[in-house]
Amino acid sequence: MVMVVFCGPSIKKDDALRCLDCRVLAPAAQGDIYKAAKERPSAIGLIDGYFETRPSVWHKEILWAMQQGVHVFGASSMGALRAAELAPFGMVGVGQIYKAYQEGWIEDDDEVTVTHGPAELNYPALSEAMVNIRATVSRAVLEEVISAEFSRQLLAIAKGLHYKGRSFPKIMTLLRDSLPATSEVNSLVEWLPSGRVDQKKLDAMEMLRAMRKMASSGHTPMDVTFAFESTIAWRAAIRKAERQGPGFYGQDGY
């Protein structure tokens with residue numbers, strides 16, 4: 001049973017392979033889900049995908065993959081976004097970030113977007129995802145490291161930053177500049193190394209375990225209830241994908 005997983009900054013290849021026997025590929029760009037589905041894997045897991053530097057995964061290619069009988073899972077980052085949007089069509093969303101999008105607690109793409117390094121360095125995240133900041137701050141309040149009021153001020157500052165500039169050191173500096181002297185900043189700084197929550201990785205691992213559970217229970221092809229429309233735009237998109245050749249699809253990248 002072949003399974004394909006697209007990931008990068010949210011979870012590293014070795015960690016993914018410890019959760020699931022699968023083929024791990026680079027973050028997905030537009031056309032990659034279509035190309036993966038052409039090989040008829042039993043399931044595709046979408047974790048990471050491109051937002052700005054390359055065209056993003058198209059909803060239509062996920063619908064096409066499912067119409068071909070391929071189960072498609074999503075979590076953590078681009079996968080959580082697309083799963084929330086396509087859950088009514090049968091895409092399987094997993095994790096707290098997916099749930100937050102699906103239930104409308106968060107809406108913006110920048111909640112999961114990070115800037116990251118290249119494949120040669122295993123896609124290291126170079127900024128902090130807003131969803132990770134929210135999860136970390138919630139834990140800090142629960143453990144009484146900071147107050148609820150302080151957490152609201154911190155989140156407002158973090159949300160006001162461009163996603164490329166989000167980091168806890170930057171946020172701590174801005175808090176010190178904007179607030180009267182408070183012990184909460186120092187308490188949080190001391191707590192962060194052991195208390196930080198990587199919700200994106202947690203959700204990615206949960207998705208991989210869900211895929212593993214599906215594999216162990218026996219595989220039946222995806223059975224969709226929608227009618228896939230082969231529109232002019234769709235045919236143009238797949239012609240473009242075919243002209244591009246392998247593209248990112250097929251690049252293990254690690």
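Reader: Which residues of α3 are buried?

Author: In this predicted model, the buried residues of α3 are Lys60, Glu61, Ile62, Leu63, Trp64, Ala65 and Met66.

Reader: What makes α3 a helix that is called mostly covered?

Author: Helix α3 comprises residues 59-67, and seven of its nine residues are buried, where buried means under 20% relative accessible area. As for what lies around them, the buried residues of α3 pack against α2, β3, β4, α4 and α11. Just after this helix comes Gly69, which takes a positive phi of about 95°.

Reader: Why is Ser76 called buried?

Author: The relative accessibility of Ser76 is 0%, and the cut-off for buried is under 20%, so Ser76 counts as buried.

Reader: Where does Arg40 lie, and why is Arg40 called partly exposed?

Author: Arg40 is placed in the loop between α2 (32-38) and β3 (43-46). Its relative accessibility is 45%, and partly exposed covers the range between the buried limit of 20% and the exposed limit of 50%, so Arg40 counts as partly exposed. Arg40 also has a positive phi, of about 55°, although it is not a glycine.

Reader: Which residues gather in the patch of positive charge on the surface?

Author: The patch is formed by Arg235, Arg239, Lys240 and Arg243, and it is called positive because Lys and Arg count as positive. One of these residues, Arg239, is found in helix α11.

Reader: What makes Thr136 a buried residue, and which residues does Thr136 touch?

Author: Thr136, whose place is in helix α6 (residues 130-142), has 1% relative accessibility; the limit for buried is under 20%, and therefore Thr136 counts as buried. Leaving aside residues up to four places away in sequence, Thr136 touches Phe168, Trp191, Leu192, Gly195, Arg196 and Val197, where a contact means heavy atoms within 4.5 Å.

Notes. Residues numbered from 1 in each chain as written. Predicted model: local features only at pLDDT ≥ 70, side-chain atom pairs only at ≥ 80, totals over all residues. Heavy atoms only, no water. Helix = DSSP H or I, 4+ residues; strand = E, 2+ residues; numbered from the N terminus. Buried < 20%, exposed > 50% of the residue type's maximum accessible area, 1.4 Å probe, protein only. Patch = residues over 30% accessible without salt bridge, like charges linked within 9 Å, V, L, I, M, F, W, Y side chains within 5 Å. Areas by Shrake-Rupley, 256 points an atom, 1.4 Å probe, with all protein chains shown as cover. Salt bridge = Lys/Arg side-chain N within 4 Å of Asp/Glu carboxyl O. Charge placed at Lys NZ, Arg CZ, Asp CG, Glu CD.
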